[in-house]
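This report walks through one protein chain, from its annotated sites out to its overall build. Keep the sequence and the 3D view open as you read.

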Amino acid sequence: MKALLALADGRIFEGKSFGAGGEARGEVVFNTAMTGYQEVLTDPSYKGQMVTMTYTQIGNTGINAEDIESRGLFLSGFIVREYQECYSNWRACMSLDSYLKENGVIGIQGIDTRALTRHLRDKGAQNGIISTIDLDRESLVAKARAIPSMAGLDLATGVSCDKPYHWTEGLWDLKDGYPQVDPVTLKYKVVAYDFGIKYNILRCLVDAGCDVTVVPASFPAEEALAMNPDGVFLSNGPGDPEPLVAVQEEIRKMIGRKPIFGICLGHQLLGLALGGKTMKLPFGNHGSNLPVMDMATRKVEITSQNHGFAVDLDSLGDAACLGHENLNDQTVEGISHCTLPIFSVQHHPEASPGPHDSHYLFGRFVEMMERNR
Ligand SMILES: NC(=O)CC[C@H](N)C(=O)O
């Protein structure tokens, strides 16, 4: 079935539909990861976005029951060069096409994703619409123009959990899959704020020795502190961090009381709680091959990233210093508090998908909690 992708600036791409049919809208971004489309699909931080993969063939390894990063699919559309219906992997249980259909997500294939990516890189990420039902080009562009901008949107509250829960699953192992870890062996009590948390962050925390209680985005700081955790974790999540004013206020109350570690949206929220500002980047960083320098050791790590906003370092003044730097665009990749045991990173040390170079950051958080007990 024919499908069209129309961008707000008038550019149109024609392709064929796979997955669900209908119409979907969102901010179009590109992801440069060569593997891990299932983790990309289940990353809640993509809510409100349509993702184009720069890798040319997608679907080859099908879908399995294990590489899942959240309770569902949150992105609104999936754009690929060549969809592969014929999949092969020992863990695969269904095709990508069936998975998208089951979850009501629109896919479009046969798109010149190189041209689309270059367009987004040169003109900036922008809103777009994919349709199989309205093939009128002018009407689609008009609809794409009417989509509200990602800047200013609180999308995190909508994807967070409803009530606190306990997490005890550890990291995947080839022989045993995901282990259930006995909480008595976990030494550090961590309260993890869920703004759209990826499961592998929770697994990495457990693997590092943390007994994790996940709490909703709106969880009051007083209640988190009353649980007397060794540390507080702030998760990744979709949308703009700036409108989450109430969350920033709660984070502010915990600064100086407990060690804090933040990832991605959690990092941006920490920056705002420390008095800094965030800004929207032209097209952001989405992929699993992005170089970053750890300023403490000057070691370079290849990282997994997925963000469209960034912390403005100058706006932080003396509140924090640069902890990590993105070596492609020199944006702030991490901050660390000058005196308190508080740090955060823009990239994803849990990978999923991506390299494990940054796994050490979970160990750094545990060391911080150990020193502050
Ligand atoms: N992965 C994330 O946490 C993304 C953070 C934020 N939504 C951004 O786009 O910058």
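The UniProt annotation "active site", from an unreviewed entry, covers C264, H348 and E350. These residues span 87 residues in sequence, yet no two of their C-alpha atoms are more than 11.3 Å apart, so they gather at one spot. UniProt positions are given in the numbering used here, feature names are shortened, and annotations may be inferred rather than shown by experiment.

The model is predicted: local features need pLDDT of at least 70, side-chain atom pairs count only at pLDDT 80 or more, and totals for chains, interfaces and linings use all residues. Residues are numbered from 1 along each chain as its sequence is written.

**The annotated sites**

A residue is buried if 20 or more other C-beta atoms lie within 10 Å of its own, exposed if 12 or fewer, and partly exposed in between; C-beta atoms are placed from the backbone.

| Residue | State | Other C-beta atoms within 10 Å |
|---|---|---|
| C264 | buried | 29 C-beta atoms |
| E350 | buried | 27 C-beta atoms |
| S45 | buried | 30 C-beta atoms |
| G308 | buried | 22 C-beta atoms |

Where do they sit? Helices (H or I, at least four residues) and strands (E, at least two) are DSSP runs, numbered from the N terminus. C264 is in the loop between β16 (260-263) and α9 (265-273). E350 lies in the loop between β21 (342-345) and α10 (360-371). S45 occupies the loop between α1 and β4 (49-53). G308 belongs to strand β18.

Now their contacts. Two residues are in contact if their C-beta atoms, placed from the backbone, lie within 7 Å. Leaving aside neighbours within four places in sequence, C264 is in contact with S45, N236, N306, H307, Q346 and H348. On the same terms, E350 contacts K198, N200, I201 and C204. S45 touches G196, N236, G237, P238, C264, L265 and N306, again not counting residues up to four places away in sequence.

**Around the ligand**

The ligand's shell includes S45, C264, L265 and G308. Strand β18 (residues 299-312) gives the largest share of the shell, four residues. By class, the shell has four nonpolar, seven polar and no charged residues. Ala, Val, Leu, Ile, Met, Phe, Trp, Tyr, Cys and Pro count as nonpolar, Asp, Glu, Lys and Arg as charged, and the others, Gly among them, as polar.

**Two domains**

The chain is divided into domain 1 (2-145) and domain 2 (156-371), with bounds from an automatic or database domain assignment. Their centres, taken over C-alpha atoms, are 27 Å apart. Across the boundary, 24 residues of domain 1 are in contact with 25 residues of domain 2. On the domain 1 side, the elements giving two or more residues are β3 (23-31), α1 (37-41) and α3 (113-123). The largest share of that side, three residues, comes from β3.

**The whole chain**

The chain has ten helices and 21 strands. Buried residues make up 53% of its 373 residues.

How values were computed. Near = placed C-beta within 6 Å.
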